Amino acid sequence: MCGIVAYLGDKQAEDILIEGLKRLEYRGYDSSGVAISDGKKLQVVRSSGRISVLEKLLDDSSISGTIGIAHTRWATHGAATTRNAHPHMDHTGKIAIVHNGIVENYSTLKKWLINNGSTFSSETDSEVIANLISHFFYDQSQYDGCEVDMSLDKRLIKAVRMTLRELDGTFGVTVLCEDVPGMLIAARRGSPLALGIGDGEYIVASDAAAIVKHTTQAIYLGDNEMAVITRDGYQTSTIEDEPVASKIEQIEYSLEEIELAGFEHFMAKEIFEQPETLAACLSGRLDVKNGQINLGGIADLSRKLVRAHKVNITACGTAWHSGLVGEYIFEELCQLPTDVDYASEFRYRNPIIEEGTVHIVISQSGETIDTLAALTGARQRGALSLGIVNSVGSTIARNTDCGIYLHVGPEIGVASTKAFTGQLAVLTMMALYIARRRHMSQSRLEAYINAMAKIPEQIRTILGQSDFIKETAQQYCDRENWLFLGRGYQFPVALEGALKLKEISYIHAEGLPAAEMKHGPIALITPEMPVVFVAPRCGQYEKVVGNMEEVKARGGKIIAVATEGDDEIRKYADHVFTVPDTLDELQPMLTVVPLQLLAYHAAVIRGHDVDKPRNLAKSVTVE
């Protein structure tokens, strides 16, 4: 949530900061701003609206300097206005900060600062950070005795440390000071920050997407860690001033992977690259030749996983839908009792974590605040924790006992697509890995492995229906209420299809188990109501067809996702999108793809920016 970029080097900072903000705009796009030091004073430009508005303002300004900070905002405290845009200044106008996260005790701090002479100009919680640093930096009474001769750079570092210790909540923050013009300070707690290390230059960002154009070497700051960066180098430590030996890591993806590559939108690109991204997810793990599943990320704890008595899965949004599919798969293949919780609910109730419980957390970014809190709670209660994330070096990846990366490449579109199919693939492989070690026969395992190996190319055939799906979307995208129905493994897919339509088309859509339609929602069925059935041939196929007959009898318009060659279903459906046949447990990786395309085309036809849907951001790192 929100995006931070900061630069220190020998190039003009403005262009690098704006280019970085554009790559992070999917994290928030309510307002944006930059603060750049020319060595004498801080120059600040802010605006509400998209980054293009800020860019125009900068074109009309004259700003120079080789050190600066920038921010693109997703509003939490305070409306999306220029006044609330970052960077925020202290009341002297000499200290600038950008901040991701929430300062939970900001009201108390703000009252104290006002009583001590500070003034405020915004509605945000973030402004207290700038004024608190200012108080500790400029208030001479803070430096008694020998500290009166402390250099300004040491005083600034101390002031930042003292400030961060006072903050309750989460933060990713970078700091500039007019009186210490050659220093950049960055710190984090619960909100990601990486330090890119280039040739004589440094880039701090909340996502490696803003770094990779300039360097592939980065340090991922841990919770309660900070970095002090000057032209002579950098030092990392804890907020309590304990040295940290930070590991320089290789950024796992290239600049080309975060470019549009000829597509109009990142969402379209990510839908259409699923054959390749899913193949990458399976590569090295799905051993068709030897009939094995190889999962190095969990191998060291495989005995504990096999002996588990229960599985808990927590996630949010699309990841929660993949977790629901995982519940069905774990119970069917592993014969393990499995519960799935919204992470935001799990963290605030009193869950029963028994001995032998495996707690799986799923998050594309690895930074989702509710999922991270659920993980912490489960670990405190003794659960073995396992993470399924896409972002290497993320907080969840570092805080679980073991885990599996998706390896589907960076996902820029706010509405998740390729991460969802990757999550399904990883959950399925994990279930097979455990099932084979518990009771599954080798021949049955090989049947699943052979079927999974075909999924990437089967997705490619589904993508060939894009134009037909677009024509169907054209007919119905003016309808403001939709139903998505499915049974068994297809119920979570129905939920995901409805979510996608809501997220980017702003159409009200509801996902339900098909049988539940009769318990109330059938009252909504009219000729104006599109009803999407996820109905491949499976164990509950006849039941789903019966539900379709009930809708047809009431004049509802039916769109069906069905198995190739299923002519029977055309008697009931007005439009049919087909998917290749596969095993029941693997079908969601196929049936979701037409629904992704349906939502995408509907949003484009309705004139919406699918990569930046209103009120949303890619990674939810605040409550």
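**Sheet, spaces and backbone of a predicted model**

Visitor: In this predicted model, what is the strand order of the open sheet of eight strands?

Guide: Strands of a sheet pair through backbone hydrogen bonds, either parallel or antiparallel. In the open sheet of eight strands the pairing is antiparallel. The order is β3-β2-β4-β1-β10-β9-β11-β14.

Visitor: Which strands stand at the edges?

Guide: An edge strand here has a single partner strand, so one side of it is left without a neighbour in the sheet. The two strands in that position are β3 (42-48) and β14 (249-250).

Visitor: In β11, what is the bridge partner of A194?

Guide: Strand β9 covers residues 194-197 and strand β11 covers residues 217-220. The two run antiparallel and are joined by three bridges. In β11, A194 is partnered by Y220.

Visitor: At what angle does helix α1 run to β1?

Guide: Helix α1 takes in residues 13-24. This helix lies across β1 (3-8), β2 (31-37), β4 (67-73) and β10 (202-205). Its angle to β1 is about 155°.

Visitor: And what angle does helix α2 make with β3?

Guide: Helix α2 (residues 51-59) packs on the sheet, where it touches β2, β3 and β4. Its direction makes an angle with that of β3 of about 140°.

Visitor: Which residues lining the largest cavity are the closest to its centre?

Guide: The structure holds one cavity of 30 Å³ or more, and the volume of the largest cavity is about 80 Å³. Its lining has three nonpolar, seven polar and two charged residues. Of the 12 lining residues, the closest to the centre are C2, T76, H99, G101 and S126.

Visitor: Which residues are the closest to the centre of the second largest pocket?

Guide: The second largest pocket has a volume of about 420 Å³. There are 33 lining residues, and by class they are 14 nonpolar, 10 polar and nine charged. The closest to the centre are D207, A208, Y253, S365 and S391.

Visitor: Is the peptide bond from H86 to P87 cis or trans?

Guide: P87 sits in the loop between β4 and β5 (88-89). Omega for the bond from H86 to P87 is near 0°. The bond is cis.

Visitor: Is A261 buried or exposed?

Guide: Most residues other than glycine have a negative phi, and most peptide bonds are trans. A261 is not a glycine, yet its phi is positive, about 55°. The residue lies in the loop between β14 and α6 (266-272). Exposed means over 50% relative accessible area; A261 has 60%, so it is exposed.

Terms used. Residues are numbered from 1 along each chain as its sequence is written. This is a predicted model: local features need pLDDT of at least 70, side-chain atom pairs count only at pLDDT 80 or more; totals for chains, interfaces and linings use all residues. Side-chain values use heavy atoms; hydrogens and water are left out. On a 1 Å grid over the protein atoms alone, a cavity is a set of points where a 1.4 Å probe fits but cannot get out, and a pocket is an open set with protein on both sides within 12 Å along at least five of seven lines; lining residues have an atom within 4 Å of a point. Grid points are joined across faces, edges and corners, and a volume is the space filled by probe spheres set on the points. Ala, Val, Leu, Ile, Met, Phe, Trp, Tyr, Cys and Pro count as nonpolar, Asp, Glu, Lys and Arg as charged, and the others, Gly among them, as polar. Two strands pair if DSSP finds at least two bridges between them. Helices (H or I, at least four residues) and strands (E, at least two) are DSSP runs, numbered from the N terminus. Contact means heavy atoms within 4.5 Å. Axes are lines fitted to C-alpha atoms, for helices over the stretch in contact, and angles run from 0 to 180 degrees between N-to-C directions. Buried means under 20% relative accessible area, exposed over 50%, partly exposed in between (1.4 Å probe, protein chains only).
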